[in-house]
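Thanks for coming, everyone. I'll walk you through one structure, from its surface to its core and its charged pairs. Please have a look at it first.

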Amino acid sequence: MYQQPLQPVAGSLALSAACAALPLLTLFLLLGVARTRAWVAAFGALAVAVVLAWVLWRMPLAQTLLAAGQGATFALFPLVWTFGTAIWIYRMTVHTGHFDTLRRGFARISDDRRVQAMVIAFCFGSLLEALAGQGTPVAVTTVMLLALGFTPVRAATVALVANTVPAAFGPLGLPITTLSGVTGLPATELGMMAGRQVPVVAVLVPLVLLLVVDGRRGLRELWRPALACGVAFALAQFATTNFLTAALADIAAAFAGAGVLLLVTRRARRPVPAPAGDGPPERAASSGSAASPAGGAGPAGPPQGPPEDATPPPGRAWLAYAPYVTIVAVFAVSQVPAVKRLLDAGTLAVSWPGLHVLTAAGAPSPLSTFRFAWLAAPGSLLLVAGLVTMALLRVSPREAGRLYGRTLYELRWAVLTVVGLLALSFTMNASGQIATLGVWMAGAGTLFAVLAPVLGWLGVALTGSDTSSNSLFGALQVAAAQRAGLDPVLLAAANASGGTLGKMISLQNLTIAAAAVGLTGREGDLFRRMFGWSVLLLALMCLLVGLQATPLLSWMVP
């Protein structure tokens, strides 16, 4: 039985925290400075974490490797299972030519590519986050943007920026439910508190998307519709979390944001310039006449559908939307109480063989238990949607199997990256390195209110999941709040809220986005583009939470 030590280095918490930060520092330096391939950065950081766990934290080498193996297994199921299946569905629509119809359909919503970015990446992506999560919104919206004529780098960047604020409440409130479970605090209050933090940043995300897509020109020309979209999205999140349930926050926000955006832009619809490359925005053709992505642009390759001016036969255009309507329908049905109970009954919880870990407090660590949600996993539900898509698009089982195999082959480096990343996460968590970092940060006392979102941000940057970050740091946030005389609901919710801003630099999401558009090996480029935005929005969240801990904004705490 291994018990996690909090200060194994010379009995000093500060020195121990400095050592615990080395794997993360290695990851960021290899990815952002040395510009290595993402899988090299992940396994380099993993090697550092394994050595530290064995030598300094005194975790038996066998258990250290078992923890890494558990993380690698989690990477394959459910993460690779989820985004691999999502991209497979996309490939079937490309193979049958229907994705080109879908692209033209979205182009008809607005011929302004900047509006398309907000509708698809922010609003539709929020709906997917509410129903699926685990990289599905990034995988799906990235390839949709690519097919609309966005360059690979811009498509990935837009999808990553947009997949931030919805993460606090999706899928279907799971991060808040998890946070409640590990802290013992009421889920209703936690959802209300997060609903008074996240919407403040949500107002700004469409404006950031304008800057990403079209620079200052885009902000100057479309700040009003973008602000209207952000405000509608934020108000829907606030109202749903405070008066209904956090589980519906992203669904309501997605429809509110899209509805207001389309209403505001309806009268001003006109062709506009669109960025043509990865450099400064240039004037180019509108998305309604944008060419398909160049060959080899992504794992799906170039769309092989009908010519640009082709019109689908009457009554057949709906098939282009069918796969995505099916995805939404399958995930919605999966949340019907009776269906959800049936799916959850197939979940198998097992103690990971040979891994016996106690927390620093002497309690059994939940990390020793692994859950195989065979039926309820997003990838399994996506498979159901994929089978329905096969029937609707008339793709033969043989051809569908060939497309799935080709998808996995072209995602092989992305799979290797995610395996290394989750092995790193589980090693740091099981050995106690993450706990050491958290306790050290909690020593800031009352100033910890400002730092609380940073813990959530760090957890999501490492694991790619707000739910996982909440399970890691939720109890720590409450303990720190009690020691510092702060409101535990405030700091626990801050973990979820701050975590949303780590989504755009999560190596898991970076890898999914890069793989979806054929940029495998350029995850470092995406990381450098995302890091500044992530830190800037995190600073805003830290300031907000810090003020909510003072009399100035304490009225916002339920």
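Let's start with the surface. The protein chain exposes about 20,200 Å², and 68% of that comes from carbon and sulfur atoms. Accessible areas here use the Shrake-Rupley method with a 1.4 Å probe, and for residues only the protein chains shown count as cover.

A word on the source. This is a predicted model, where local features need pLDDT of at least 70 and side-chain atom pairs count only at pLDDT 80 or more, while totals for chains, interfaces and linings use all residues. Residues are numbered from 1 along each chain as its sequence is written, and side-chain values use heavy atoms, leaving out hydrogens and water.

Now the overall build. The protein chain has 24 helices and four strands. These are DSSP runs numbered from the N terminus: helices are H or I with at least four residues, strands are E with at least two. The chain has 558 residues, and 59% of them are buried. Buried means under 20% relative accessible area, exposed means over 50%, and partly exposed lies in between, with a 1.4 Å probe and protein chains only.

What about contacts, meaning heavy atoms within 4.5 Å? Take those in the protein chain with a separation of 6 or more: 79% are between residues 24 or more positions apart.

Next, the core. The largest nonpolar core holds 182 residues. Such a core is a set of buried Ala, Val, Leu, Ile, Met, Phe, Trp, Tyr and Cys residues joined through side-chain atoms within 4.5 Å. Helix α4, residues 61–95, gives the most to this core, with 15 residues. Phe122, Tyr324, Leu424 and Leu491 have the most contacts inside the core. Look at phenylalanine 122. Beyond four places away in sequence, its partners include Ala162, Val165, Leu209 and Phe233.

On to charge. How many salt bridges does a search of the whole structure find? Seven. A salt bridge is a side-chain nitrogen of Lys or Arg within 4 Å of a carboxyl oxygen of Asp or Glu.

Here is one: arginine 114 with aspartate 112, at 2.9 Å, N to O. Arginine 114 is buried, at 2% relative accessible area. Aspartate 112 is buried too, at 5%.

Another pairs arginine 217 with aspartate 214, with the closest N and O atoms 2.4 Å apart. Both residues are buried. They sit three residues apart in helix α12, residues 205–243, so about one helical turn separates them.

Then aspartate 525 and arginine 528, at 2.3 Å, N to O. They are three residues apart in helix α24, residues 523–548, so again about one helical turn separates them. Aspartate 525 is partly exposed at 25% relative accessibility, and arginine 528 is partly exposed at 27%. Elsewhere, salt bridges that share partners join Asp112, Arg114, Asp214, Arg217 and Glu221 into one network.

Back to helix α24, for glutamine 548. Buried or exposed? Buried, with a relative accessible area of 1%. A polar atom of its side chain lies 3.3 Å from the backbone oxygen of arginine 196. Outside four places in sequence, glutamine 548 contacts residues including Met193, Leu490 and Val557.

Last stop: arginine 266. It lies in the loop between α13 (249–265) and α14 (322–334). Arginine 266 counts as exposed, at 61% relative accessibility. Isoleucine 109 is 157 residues away from arginine 266 in sequence, yet their C-alpha atoms are 8.9 Å apart.

Terms used: Contact means heavy atoms within 4.5 Å. A polar contact is a pair of N or O atoms within 3.5 Å; within protein, one must be able to donate a hydrogen and the other to accept it, and residues adjacent in sequence count only if both atoms are side-chain atoms.
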